[in-house]
Amino acid sequence: MSYFKFKADKLFDGYHFSNEDAVLVSEEDGTIEDIVLLKDAGDDIQYFSGILSPGFINCHCHLELSHMKGLVPKQTGMVDFVLHIVMERHVDENQIIEAMEKSANDMLLSGIVAVGDICNNTISIAAKKNENLYYHNFIEIAGFPPAAAAARFQSGVEMYRSFTAVNPAGSLIPHAPYSVSAELFGLINEFPENKIISIHNQESASEEEFIKNGIGDFLRMFQKMGIDISSFKASGKSSVQTWLPMFTKQQSIILVHNVTTTEEDIAFILQQSAVNKQSVYFCLCPNANLYIHAELPDLKNLIKQDCRLVIGTDSLASNDKLCILEEIKTLLINFPGIKKETFLQWATINGALALGIDEKFGSFEKGKKPGVVLINDKGAVKSWSAKRIL
């Protein structure tokens, strides 16, 4: 059997930087054989300038919104962003599919090998033909009036079945606390096939105002959308402290955005998830947060409480690129005290653990096929897919 041998200035194995003399050894199809010292690696070593890393895991993406790049003005705030999405997302199907296929290819070229993708319809099935990208399809349900819960849930189950007939990796999930009734949360909680839940959590101050006190800009959104919220009663609690107890099953939960998550909220999340034996991951989408409302999560507080962190890109409606490295650059600029190694860990092994794919992705360990990414000193990438190392 022939092997490929890679040597770069630095080698990040998914957990930490290896010995500076480390050489990555891979089979032709991308299966990792070993990491060895240069003196033991033999001949035919390929040398590179930069950092070698496992392929990136994009834990939160909306591929189906790829056609909306540049359509939504920046820093509109959450409510107007949502209204733009609702009003402008419906265009010719071929245009949507073409944009999705381009985005999928761009993600692969940027070093992404696996994607947690939010799906509100079945159109993205046609665009997910690139076998070099792994998808976990999060079938998203919304419905705030309690009377709509059963019908919305049934529609979501049918969509879930359409996706899993093609790709078995999937979940049935709630959109956000401000768009899902307690009744619909209950139905989703009881769905037996859910191993991983993802939810937009505490993305804006408006969400907190509405859930806790029943006031704020979300009232304008409901009025414009003609949604009856007469049955809603404010909880007097933060958003996450209101909805998280509705999930009682032992599963993984990915909390996405977390812009307004407080120290008290984090303590509550960790305590509640321990009771239910849930694995909780906090997904950062910094470029989308800056795009929509120019705010970022309290990252130092999340780290202080030893939270498990992962990274996502959100959509091209709220981002200029679907690129994990660009998210890392933003984090490095805004949180200069945090090591690059830490961000890379979030983008690789943590992401793989969150999506339940760490047996194959996320680290350079024997038998895995995680893909190989070269990050050069200019912050660009060259990538080799998980199925083809050349």
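## Buried and exposed: a starting point

A residue is called buried when its relative accessible area is under 20%, and exposed when that area is over 50%. Glu20 has a relative accessibility of 62%, so Glu20 counts as exposed. Keep those two cut-offs in mind, since they return throughout this tour. One more thing to know at the outset: the model you are looking at is predicted.

Where does Glu20 sit? You can find Glu20 in the loop between E1 and E2. The C-alpha atom of Glu20 is separated by 8.7 Å from that of Leu37, a residue 17 residues away along the chain.

## The whole protein

The protein contains 12 helices and 14 strands. Its C-alpha trace spans about 70 × 45 × 40 Å along the principal axes. A compact globule of 390 residues would have a radius of gyration near 21 Å, and the protein agrees with this because its own value is 21 Å.

Of the 390 residues, 57% are buried. The accessible surface comes to about 16300 Å², and carbon and sulfur atoms account for 51% of it. As for charge, there are 35 positive and 48 negative side chains, and the centres of these two sets lie 1 Å apart. The chain also brings together residues that are separated in sequence: among contacts between residues at least 6 apart, 72% join residues at least 24 apart.

## Strand E1 and its two partners

Strand E1 covers residues 3-11, and four bridges join E1 to strand E2, residues 22-27. E1 and E2 run antiparallel. Within this pairing, Phe4 stands opposite Ser26.

E1 is also joined to strand E4, residues 45-54, this time by six bridges. Which way do E1 and E4 run, parallel or antiparallel? They run parallel. Here Leu11 has Leu52 in E4 as its bridge partner.

## Strand E7, with a strand on either hand of the pairing list

Strand E7 spans residues 134-141, and seven of its eight residues are buried, so E7 is largely enclosed by the rest of the structure. Six bridges join E7 to strand E6, residues 112-119, and the two run parallel. Five bridges join E7 to strand E8, residues 170-174, and that pair is parallel as well.

Asn137 is a handy residue to look for in E7. Asn137 is the bridge partner of Asp117, and Asn137 also stands opposite Gly170 in E8.

## Helices H1 and H9

Helix H1 runs over residues 78-88, and its buried residues are listed as Met78, Val79, Phe81, Val82, Leu83 and Ile85. Among the elements that cover them are helix H6 (218-225) and helix H9 (286-293).

What about H9 itself? Seven of the eight residues of H9 are buried, so this helix is largely enclosed by the rest of the structure. The buried ones are Pro286, Asn287, Ala288, Asn289, Tyr291, Ile292 and His293. They pack against H1, strand E10 (252-257), strand E11 (279-284) and H11. After H9 comes Ala294, with a positive phi near 55°.

## The loop between E12 and H11

The loop between strand E12 (309-311) and helix H11 (324-334) holds Asn319. Is Asn319 buried or exposed? Its relative accessible area is 5%, which is under the 20% cut-off, so Asn319 is buried. Leaving aside neighbours within four places in sequence, Asn319 is in contact with Asn287, Ala288, Tyr291, Thr313 and Glu327. The C-alpha atoms of Asn319 and Tyr291 are separated by 6.5 Å, although the two are 28 residues apart along the chain.

Ser315 lies in this loop between E12 and H11 too. With a relative accessibility of 1%, Ser315 counts as buried. Which residues does Ser315 touch, not counting those up to four places away in sequence? They are His62, Leu65 and Leu322. For Ser315 and Pro370, which are 55 residues apart along the chain, the C-alpha atoms are separated by 23 Å.

Conventions
Residues are numbered from 1 along each chain as its sequence is written. This is a predicted model: local features need pLDDT of at least 70, side-chain atom pairs count only at pLDDT 80 or more; totals for chains, interfaces and linings use all residues. Side-chain values use heavy atoms; hydrogens and water are left out. The radius of gyration is taken over C-alpha atoms; the globule rule is 2.2 Å times the number of residues to the power 0.38. Buried means under 20% relative accessible area, exposed over 50%, partly exposed in between (1.4 Å probe, protein chains only). Contact means heavy atoms within 4.5 Å. Accessible areas come from the Shrake-Rupley method with a 1.4 Å probe; for residues, only the protein chains shown count as cover. Lys and Arg count as positive and Asp and Glu as negative; His and the chain ends are not counted. The place of a charge is taken as NZ of Lys, CZ of Arg, CG of Asp or CD of Glu. Two strands pair if DSSP finds at least two bridges between them.
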